[in-house]
Amino acid sequence: MFGYSTDAMNQREGDYVPIRDAENIQLGMFDKPLPCFGCGIGWFSFLLGFVFPLMWYFSAILYFGKYYNKDPRERSGLAACAIVAILFTIAAVIALLVYLL
């Protein structure tokens with residue numbers, strides 16, 4: 001019974017369904033919940049960035065460093081942080097130029 005699921009949701013007509021497949025290694029990859037309260041590092045940083053904007057830059061570095069290759073579920077949150085970090089930088093530069101000129 002090692003390597004087989006006993007969960008009723010994974011059964012087809014009473015047969016056991018393997019959790020991991022030799023041909024598809026990523027099949028059982030998403031059994032673990034995401035870190036940071038289940039929403040992932042990207043979305044957690046996105047929300048926390050409204051209070052502490054440096055979190056957007058941290059997540060942008062993770063996005064451009066291809067951290068999402070470890071878990072593709074992180075890609076959308078990290079991409080959102082990268083976009084907001086760019087927009088925040090542009091807004092900060094414009095505000096600084098308006099203030100100084």
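1. **α2 against α3.** In this predicted model, helices α2 and α3 are oblique to each other. Their angle is about 125°, and their axes are 8 Å apart. Axes are lines fitted to C-alpha atoms, for helices over the stretch in contact, and angles run from 0 to 180 degrees between N-to-C directions. Under 35 degrees counts as roughly parallel, over 145 as roughly antiparallel, 65 to 115 as roughly perpendicular, and the rest as oblique.

2. From α2 come Trp56, Tyr57, Ser59, Ala60, Leu62, Tyr63 and Phe64. They meet Arg75, Leu78, Ala79, Cys81, Ala82, Val84, Ala85, Phe88 and Thr89 of α3. Contact here means heavy atoms within 4.5 Å. By class, the residues divide into 13 nonpolar, two polar and one charged. Ala, Val, Leu, Ile, Met, Phe, Trp, Tyr, Cys and Pro count as nonpolar, Asp, Glu, Lys and Arg as charged, and the others, Gly among them, as polar.

3. **Basis of the model.** Residues are numbered from 1 along each chain as its sequence is written, and side-chain values use heavy atoms, with hydrogens and water left out. The model is predicted: local features need pLDDT of at least 70, side-chain atom pairs count only at pLDDT 80 or more, and totals for chains, interfaces and linings use all residues.

4. **Overall layout.** The protein has three helices and zero strands. Along the sequence the pattern reads α-α-α. Helices (H or I, at least four residues) and strands (E, at least two) are DSSP runs, numbered from the N terminus. Of the 101 residues, 25% count as buried. Buried means under 20% relative accessible area, exposed over 50%, and partly exposed in between, for a 1.4 Å probe and protein chains only. Among contacts with a separation of 6 or more, 41% join residues 24 or more positions apart.

5. **α1 against α2.** Helix α1 covers residues 40-48 and helix α2 residues 54-64. Their axes come within 8 Å and cross at roughly 155°. The two helices are therefore roughly antiparallel. α1 passes α2 in a left-handed crossing. Ile41, Ser45, Phe46 and Leu48 in α1 meet Met55, Trp56, Phe58, Ser59 and Leu62 in α2. The contact has seven nonpolar, two polar and no charged residues.

6. **α1 against α3.** Here the angle is about 35°, and the axes are 6 Å apart. This crossing, too, is left-handed. α1 supplies Gly42, Trp43, Ser45 and Phe46. Their partners in α3 are Ser76, Gly77, Leu78, Ala80, Cys81 and Val84. The class count is six nonpolar, four polar and no charged.

7. **The buried side of α1.** Gly40, Ile41, Gly42, Ser45 and Phe46 are buried in α1. The buried residues of this helix pack against α2 and α3. Ser45 and Phe46 are listed in the contact with α2 and also in the contact with α3.

8. **Gly77.** This residue lies in helix α3. Gly77 is buried, at 0% relative accessibility. Beyond its neighbours within four places in sequence, Gly77 is in contact with Gly42 and Trp43. The C-alpha atoms of Gly77 and Cys39 are separated by 8.8 Å, and the two residues are 38 apart along the chain.

9. **Tyr57.** Helix α2 holds Tyr57. Tyr57 is partly exposed, with a relative accessible area of 27%. Not counting residues up to four places away in sequence, Tyr57 touches Ala85, Phe88 and Thr89.

10. **The salt bridge.** The structure holds one salt bridge (a side-chain nitrogen of Lys or Arg within 4 Å of a carboxyl oxygen of Asp or Glu). Arg73 forms it with Asp71, and the closest N and O atoms are 2.9 Å apart. Arg73 is partly exposed at 29% relative accessibility. Asp71 is buried, with a relative accessible area of 15%.

11. **A backbone point to check.** Which residue has a positive phi although it is not a glycine? Lys66 does, at about 60°. Lys66 sits in the loop between α2 and α3 (75-100). Its relative accessible area is 47%, so Lys66 counts as partly exposed.

Note on methods
Left-handed = near helix turned anticlockwise from the far one by under 90°.
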